[in-house]
Amino acid sequence: MTNVGTIGTSQITKTFVEACIASRAFTVSHLYSRDKAKAQALIDDLFLPEATAHDDLEAFFTAPDLEVVYVASPNSLHFAHVKAALEHGKSVIVEKPAFATIAEYDEIDAYLQAHPDLHVIEAARHLFDSNYLTAQEKVRQLTEITGATLTYMKYSSRFDAFQAGQNPNIFSPKFAGGALYDLGVYLLYAAVDWFGVPESSAYYATKADNGIDLHGLARLHYPKFDVALIFGKDQQSFLASEIYSHRKTLWLDNLGEPTQVRLYDSPAVYQDLSQHTAENSLVEEVNAISLMFTNREEDKFKHYWQLAGQVNRLLVELRASAGIVFESDQTK
Ligand SMILES: NC(=O)c1ccc[n+]([C@@H]2O[C@H](COP(=O)([O-])OP(=O)(O)OC[C@H]3O[C@@H](n4cnc5c(N)ncnc54)[C@H](OP(=O)(O)O)[C@@H]3O)[C@@H](O)[C@H]2O)c1
């Protein structure tokens, strides 16, 4: 099994490690935190007696048995963590969105081209979800796409703290936060994966006083149709996502975490295509990515890296169209 080390100790790291344990896909052998006690607490909590806790990044990256680094730090720190991992000869799984600027993607891309033995994969978990993949197969079978409405909007558990005057990373321009760079990423991935890179795009954002987007509407324009994206973190939506092909409609209850997929032929007639999914939302992703490492699936690594580049470019274009500025813009 491939040895993985993690960066960050928030809930998503815990879920990732639990998925590794449940699927027996990766061995989690090293955990890094700025506070060693937090890494050790995760080791104890998840019964990983063989794993090592670190609070020194250099010692973490130079651990001889470490092969792949899972980066789950705040968005604006991804680039530095990915770069350091690669420079220590480790491949990377980096949480979405992988990068804050195009320059960051391009620099890592150049490094990967010079070091073809190393890989970086962006952890866009829904791409590996069986309901997403079922929907994808149907999208590809539709004879003509005439439009789509894609939605993902959830009230963030950190929004109350933000409103109370605290500064959670996910609502901070310093850490490349905001709705587009969090839930918007899932919709952009689906749009680019299923319909390709749009001809033009625009984002109409509702912003907080610090300039970050709380929710918004984006339009992706393709030669023969448009895709509407609705996403946000300061309010709750129960809207489904739909892909249109004249009379037929492909329907997903929740594109970020799909549990139901239907193909409608008419308002009362539909095929239920829903698949059962694991309780841990990262299990399918962890399984798929671990197989890519074990079987050296170079074509898949290349495919997902190119897709990540297209999505990260589109993120920057949409952000620019809404006038959202990150601290990372000044450094790159
Ligand atoms: N795939 C998914 O379903 C999913 C779900 C949630 C989040 N995410 C992604 O996961 C990443 C982390 O998100 P999150 O909400 O968990 O972020 P977060 O809580 O703000 O930070 C994650 C971890 O980074 C470290 N950290 C926090 N602030 C830091 C700072 N100022 N400097 C250095 N390290 C810092 C902390 O670990 P230590 O204190 O241990 O150092 C923390 O546990 C994001 O990219 C997000 O988009 C993905």
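Proline 97 sits in the loop between strand 5 (91-95) and helix 5; helices (H or I, at least four residues) and strands (E, at least two) are DSSP runs, numbered from the N terminus. The peptide bond from lysine 96 to proline 97 is cis, with omega near -15°. This is a predicted model, in which local features need pLDDT of at least 70 and side-chain atom pairs count only at pLDDT 80 or more, while totals for chains, interfaces and linings use all residues. Residues are numbered from 1 along each chain as its sequence is written, and side-chain values use heavy atoms, with hydrogens and water left out.

**Domains**

- The protein chain is assigned domain 1 (2-124) and domain 2 (127-283 + 313-331); such bounds come from an automatic or database domain assignment.
- Taken over C-alpha atoms, the centres of domain 1 and domain 2 are 25 Å apart.
- The contact (heavy atoms within 4.5 Å) takes 23 residues from domain 1 and 23 residues from domain 2.

**The interface between the domains**

- The size of an interface is often given as the accessible area lost when the parts come together.
- Between domain 1 and domain 2 the buried area is about 1,800 Å², and carbon and sulfur atoms give 62% of that area; buried area is the accessible area (1.4 Å probe) that two parts lose on being put together, summed over both.
- Lys96, Ile102 and Ala124 supply 29% of the area that domain 1 buries against domain 2, more than any other three residues.
- The rule finds 10 residue pairs in polar contact across this interface, both residues at pLDDT 80 or more. A polar contact is a pair of N or O atoms within 3.5 Å; within protein, one must be able to donate a hydrogen and the other to accept it, and residues adjacent in sequence count only if both atoms are side-chain atoms.
- On the side of domain 1 that touches domain 2, the elements giving two or more residues are helix 1 (11-23), helix 5 (102-114) and strand 6 (120-123).
- Helix 1 gives the largest share of that side, seven residues.

**Salt bridges**

- The structure holds 11 salt bridges, each a side-chain nitrogen of Lys or Arg within 4 Å of a carboxyl oxygen of Asp or Glu.
- Aspartate 45 and lysine 14 form a salt bridge through their side chains (3.4 Å, N to O).
- Aspartate 45 lies in helix 2 (residues 36-45) and lysine 14 in helix 1, so this pair ties together parts that are 31 residues apart in sequence.
- Two salt bridges are counted between domain 1 and domain 2.
- Lysine 96 also has a salt bridge, with the side chain of aspartate 182 (2.7 Å, N to O).

**Ligand surroundings**

- Around the ligand there are 20 residues, of which Thr9, Ser10, Ser33, Lys38 and Asn75 come nearest; a residue counts as near if one of its heavy atoms lies within 4 Å.
- An N or O atom in the side chain of threonine 9 is 2.5 Å from an oxygen atom of the ligand.
- For asparagine 75, a polar side-chain atom lies 2.6 Å from a ligand oxygen atom.
- For arginine 125, the distance from a polar side-chain atom to a ligand oxygen atom is 2.7 Å.

**Backbone**

- Most residues other than glycine have a negative phi, and most peptide bonds are trans.
- Alanine 176 has a positive phi of about 55° although it is not a glycine.
- The loop between helix 7 (159-163) and helix 8 (183-195) contains alanine 176.
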